[in-house]
Amino acid sequence: MGGARLLLLLLLAGARLGVAWRPPKGKCPARCSCSKDSALCEGSPELPESFTPTLLSLSLVRLGVPQLKAGSFLRMPTLHLLLFTSNSFSVIEDDAFAGLSYLQYLFIEDNKIGSISKNALRGLRSLTHLSLANNHLEVLPRFLFRGLDTLTHVDLRGNPFQCDCRVLGLLQWMASVNASVGSGACAGPAALAGKQLQHLEPTSFKCRSAELTWFQRIEDPALSVEAFSYQGAAHVVLAQPFVGRCLILVWDYSLQRFRPEEEVSAPSVVSCKPLVLGPRLFVLCARLWGGSQMWGRAGPELRLAPLQALGPGRLLRPNDAELLWLDGQPCFLVADASKAGTTTLLCRQGAGFYPRQSLHAWRRDTDAEALQLDGRPHLLLASASQRPVLFQWRGGRFERRTDIPEAEGVYAARHFHAAGQVFLCLTRFIGDSMVMRWDGAMFRPLQHLPSRGAHVFQPLLIAKDQLAILGSDFAFSQVFRLEPEKGLLEPLQELGPPALLSPRAFAHVALAGKRFLFAACFKGPTQIYQHHELDLSA
């Protein structure tokens, strides 16, 4: 800043020592000293305005104004240099310097400025030297310097910058600009106090977060929710046992809400599992009484109709259904929770789906999860009678591989992938729910989360966020987010209000540039939340 300060001193010296020039009457305001093209004003209670139209340099000292408002210098369009020092104003508003398209030097030093608006410097297309030194600025708004492409020198020293996420925009700008920047040091937080801004690494700041806010509710309780795409459009299907139906929802672009499209009659339904094969749509309706059924339609112009009964004599009390592809063919796995029934694999043969294999007889299975391990299809079954059992697909059938140690009392299991690894979310109604990680031979405990009254621990990838939602019958449901550096789930937020009443399933739907979370609840309506990405550096 040495050259700029020297120029300023020369200009002021010219104003005081040069040949006296008497401006036209009324062109040098009170408490100002004026020369032909410069002025120095000290102690004025308001911003002086009545200057000669050829004014090039203006210095303002100890003004009485509380803030610089928009358009404060519109009557001085010829200014090349503007200096403020020892003033009491604390705020600079948007467009405060509008009209100063020739301004090259702007020095706002040793004032009490605590806030500067993000568009305060807008329009200063000729600015080369800027100083905001020795003020009370803890943060600068993001994009404050947008459009100031001619800057060569910037002085920010002497400000008590708080080096949290709010400083990230400044750090990113400093790394990208060609100007010489005197950035100063951090005043906080304590861990960074005294550290020079220029030594901070922008990538070390974690300034992106997410939030789920309530959006809509769908009446009537539900036990399951599934999202699927059909004919290029997002659909959602809910299993609603108390009204005896599988309800299919679509997005209404006019109302900007979800609305019913079609429903399937399914008394005592516990799971509605969709399968799309080209123009054909199948919906497996797993029911507690009356037998499970497959419904379908051959094209989008038709309505769903019953196609066949599924696994008569085998599926007596289904509790969960999963879709999986085996040897290129679609199959459904229905977990049966009765002692007399059997968990059954149903695969497509011709026009229908027929039993391919019975698994885990007499085990009262509560949940099934299909996953890939070591490039091979696997199946994990949770049951009321033993630890979860892992099966692998070999020779056209599932064979038991191992059970999961340290996982007693697991009601349900869901998996997710992150950083090339496979994780399990295991739900316990009593005791801690768990996160496990595959080590190449076995799932090993990684994390325990208190979860009294949980029936679902559902991982979901929404935008860039790997979330896991732990539902509860007795408290607010908790949303966790995977922290990549730690490899652990960290609390993000609670879901509610409104509180979820006995949540049983969650699903993610992305459409129309929006992202939604569906929460199917056994004792209340399905609640829909919208996912928002938050930039904490803004």
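Colleague: Why is His-129 called buried?

Modeller: This is a predicted model, so the values are computed from it. Buried means under 20% relative accessible area, and His-129 comes out at 11%, so it counts as buried. You'll find His-129 in strand S9, residues 129-131.

Colleague: And what makes the link between the side chains of His-129 and His-153 a polar contact?

Modeller: The distance is 3.2 Å. The cut-off for a pair of N or O atoms is within 3.5 Å, so the pair of side chains qualifies as a polar contact.

Colleague: Which residues does Leu-275 touch, leaving aside its neighbours within four places in sequence?

Modeller: Leu-275 is in contact with Arg-280, Leu-281, Phe-282, Leu-323, Trp-325, Pro-330, Phe-332 and Phe-353. As for Leu-324, its C-alpha atom is 9.9 Å from that of Leu-275, and the two are 49 residues apart along the chain.

Colleague: What makes a group of residues a nonpolar core?

Modeller: The residues must be buried, of nonpolar kinds such as Leu or Phe, and joined through side-chain atoms within 4.5 Å. The largest such set here has 57 residues, and Leu-58, Leu-82, Phe-97 and Leu-106 have the most contacts inside it. Strands S1, S2, S3, S5 and S7 and helix H2 each give two or more residues to this core, and H2 gives the most, with five. Apart from this core lies another of 18 residues, including Phe-215 and Val-236.

Colleague: Why would such residues gather like that?

Modeller: In soluble globular proteins, nonpolar side chains tend to be buried together. Take Leu-58: among the residues it touches are Ala-39, Phe-51, Phe-73 and Leu-82.

Colleague: Last one: how do you know that strands S36 and S37 pair?

Modeller: Pairing needs at least two bridges. S36 (residues 465-470) and S37 (residues 477-483) have four, in the antiparallel sense, so they pass. In S37, Arg-481 is the bridge partner of Leu-467. Both strands belong to an open sheet of four, in the order S35-S36-S37-S38.

Colleague: And what makes S35 and S38 edge strands?

Modeller: Each of them pairs on one side only. From one strand to the next, the twist averages 30°.

Conventions
Residues numbered from 1 in each chain as written. Predicted model: local features only at pLDDT ≥ 70, side-chain atom pairs only at ≥ 80, totals over all residues. Heavy atoms only, no water. Buried < 20%, exposed > 50% of the residue type's maximum accessible area, 1.4 Å probe, protein only. Contact = heavy atoms within 4.5 Å. Polar contact = N/O pair within 3.5 Å; in protein donor to acceptor, adjacent residues only side chain to side chain. Axes fitted to C-alpha atoms, helices over the stretch in contact; angles between N-to-C directions.
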